[in-house]
Amino acid sequence: MLPTLRRLLADPNLGLTLLGDTPPAALEAMLDRSVEWVHSSDLADPTPFLSENQVLLTTGTQFGSDLASAGDYQPYVQRLREHGITALGFGTEVIRDGTPDGLLAACLSLGLPLFEVPYRTPFIAVARAAGDLVAEDRYARATWALRAQRAIALAALRPDGLSATLAELSTQLGHWVALFDASGTLDRVFPRGTFTAAPDALATVQHEARRLLARGQRSSSAVNAGGETLTLQTLGGHDHLRGVLALGGPRALDQASTEVVTSVIALAGLALEQNNALDRAQGLLRSGLMHTLLGGEQKLVEQISRQMWGELPAAPVLVAVVDAPAPRRDAITEYLEVRVEDSPGQLFFARQDDVMVVCLARSARGILSDLCTLFDLHAGLSDPTTYRELPRALDQGHQALARARESAPGVTEFGVVAQQGVLALLARTDAREVGLATLAPVLTHDRTHSTELLTTLRAWLLCNGHFGAAATQLGVHRHTVRTRIQLAEQLLSRDLNAFPARADLWAALLATDSTVAEPMIRP
């Protein structure tokens, strides 16, 4: 934090006088400008030697002897204003008596504060006073930072150290402080209820948090939204981001505030790493319990789960098998842990190899859909089942997951797969070569003699063996269809009047031709 022009002008030992009749609103803005340093120069263009937020003092020798001419004032003040100079001080009775009217007019028109420095006040006194103010403010901010860090360190020793730390940071900064988990979901915010009346603000912060997490590496950002300056910083290591810390307030953070926030980021990152180590241990326990549950020991699992996480979902349950790619496995686990806390008794999950197995209450289906949407995952979902039939439901989930991987990310239900029939699975197995071998005599005849036996077989089987219906579909005479089928029977050495022969031929067509299989496998 830098001292303001108001404080410099208020020093009674300097006797500085602000000149001009400025509207109150504009005057307040001028007086609140920061003063980084005070510099003196009578150069016609001193800006190469100045930086932003400095005050310039001059005696006016650069303006020449014609006090009535304003030609030199306007471009001079314009250069200072564009360079970010806070204010201009004019030393009177050194070269000139009083401040030139043309200089005052130029400063008023361009919005640059102009004050008069009396002869009795040397420029060095103004510079020393500004330096003292800067040093005073820096010392005050450094003292505040030490005091704030001490308070935050004490807060970290409380039972819920992470929440206490973030709450204390919010109090010390006068900002709201929010923590987003590894999935970009709001985990906690202080003061509580900050986003209750501002859902748009939450959406903005959450979008930015998820953008940082999606990059997969440590990063930070600062954005302006709704009149607030938002500061976001990822937590965790480069390959294992644990979440995002977000702060918002009417002012940007200064150096002292940034130092305090940096210490909190370190504490929060450590706390999240410790939580992650605990989560890994819990994950091993969950996997063991799932194995026990599949073995039929429901009561034992219920007792342990009740003590650790709460009740198991009440039967009948749905069993979901969800892809869990290694780079996002920790984030998926953390997301499910949060959902367990938010929805007790609604789900139980455990990792098995490269997938997550989730037991869901039927009312918690939305949790699975949200998970797949957030992480772009495929999931297979079983029919409702009891815990006694859990192994069978797990097989259903795996079969549904295999089908789900053939389409866009999302949830595929086993019930939909079952409705497509057993024969529909032939198009997704290694039965193709067997099917081609079965149909080889017909395929060879069609290629050699330019016939349409295979097309006729398709149409005839789809028409349930009716020659007239197949002829209509193909646009030929029914006797032509009959002749072609008889020839196909000879080539295949099969009696197509028998149902097993027709079923086997249809299975061969399904295994080899997606255009035939398609009407059968679409839900």
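This is a predicted model: local features need pLDDT of at least 70, side-chain atom pairs count only at pLDDT 80 or more; totals for chains, interfaces and linings use all residues.
Reader: OK, so how far does α7 reach from its first C-alpha to its last?
Author: Helix α7, residues 199–215 with 17 residues, reaches 25 Å, close to the expected 24 Å.

Reader: Which residues of α7 are buried?
Author: Those are Val205, Gln206, Glu208, Ala209, Leu212 and Leu213. Seen down the helix axis they fall within an arc of 165°, so they line one face of α7.

Reader: And what do they pack against?
Author: Strands β6, β7, β8, β9 and β10. On the other side of α7, Pro199, Asp200, His207 and Ala214 are exposed.

Reader: What about just after α7?
Author: Gly216 sits there, with a positive phi of about 75°.

Reader: Switching topic: which residues touch the most other members in the largest nonpolar core?
Author: Val322, Leu336, Val358 and Leu360, out of 43 residues in that core. Elements giving two or more residues to the core include α8, β11, α10 and β13.

Reader: What does Leu360 touch, leaving out residues up to four places away in sequence?
Author: Among them are Pro313, Val317, Leu318, Leu368 and Leu381.

Reader: Last one, Gly435. Buried or exposed?
Author: Gly435 is buried, at 4% relative accessible area, and it's part of helix α14.

Reader: Which residues is Gly435 in contact with, its neighbours within four places aside?
Author: Ala508 and Thr512. The C-alpha atoms of Gly435 and Ala508 are 4.1 Å apart, though the two are 73 residues apart along the chain.

Conventions
Residues are numbered from 1 along each chain as its sequence is written. Side-chain values use heavy atoms; hydrogens and water are left out. Helices (H or I, at least four residues) and strands (E, at least two) are DSSP runs, numbered from the N terminus. Buried means under 20% relative accessible area, exposed over 50%, partly exposed in between (1.4 Å probe, protein chains only). Contact means heavy atoms within 4.5 Å. A nonpolar core is a set of buried Ala, Val, Leu, Ile, Met, Phe, Trp, Tyr and Cys residues joined through side-chain atoms within 4.5 Å. The expected span of a helix is 1.5 Å times one less than its number of residues. The arc is that of the directions from the helix axis to the C-beta atoms.
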